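Subject: Handover of a structure

Hello,

The structure is below for you to look through. My notes on what was found in it follow.

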Amino acid sequence: MKIQFLAALAVSSMFALTACSDDESESLADKCETLSEDCLEGTWTLNHVALKEDPSTPLTNFASAPSVLTFNNDGTFSYQFSTLTSGGCAGMTNSGKWALLNDTQLQMKVTNGDCITNRTLSPTVSVESNDAGDKVILNLQEVYFQQDASNGINAGNDTEIFSRTE
């Protein structure tokens, strides 16, 4: 009788543990339905600088040597500039702290480097379907990191487009 009780207890414990486990299978597309910490945390590469009205058409393409933006879960970020970046920032890394102020505003505070400044951005995230699955796009709605790349040609009408890589 004691063995049957222990066996029943072991089986019920297994079901209880599996029923309470976190959903590890949440896709990146699900995490990025809106701008959130879960969506931002990870590594992003700069695809290109584009006009706000036409973000899919590159004005300046960084595909051959992308810049890399990493949002860490401890509230820090790093940005390694592309070797294609004009000016003295090519290949340099700047870092700092980031925080979501609400579901539409991202605050960036620089603690290391002088190629970018403190700013509050209003980025958007979107999910595009591609052959390999969902591709998550971060549109900063302005040029923040690659200010020299836009050269002021479009007087504030440019935007940086990133893709989530990890």
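A residue is called buried under 20% relative accessible area, exposed over 50% and partly exposed in between (1.4 Å probe, protein chains only). By that rule, Tyr79 and Phe145 are both buried. Tyr79 has a relative accessible area of 0%, and Phe145 has a relative accessibility of 3%.

The model is predicted: local features need pLDDT of at least 70 and side-chain atom pairs count only at pLDDT 80 or more, while totals for chains, interfaces and linings use all residues. Residues are numbered from 1 along each chain as its sequence is written, and side-chain values use heavy atoms, with hydrogens and water left out.

Phe145 lies in the loop between strand S9 (133-139) and helix H4 (147-150). Helices (H or I, at least four residues) and strands (E, at least two) are DSSP runs, numbered from the N terminus. Leaving aside neighbours within four places in sequence, the contacts of Phe145 (heavy atoms within 4.5 Å) include Leu69, Tyr79, Met108 and Phe162.

There are six aromatic pairs in the structure. Rings of Phe, Tyr and Trp (its six-membered ring) pair if their centres lie within 6.5 Å; planes under 30 degrees apart count as stacked, over 60 as edge-to-face and the rest as tilted. Tyr79 and Phe145 are stacked, because their ring centres are 3.9 Å apart and their planes are at 10°. Tyr79 lies in strand S4 (residues 76-80) and Phe145 in the loop between S9 and H4, so this pair ties together parts that are 66 residues apart in sequence.

Regards
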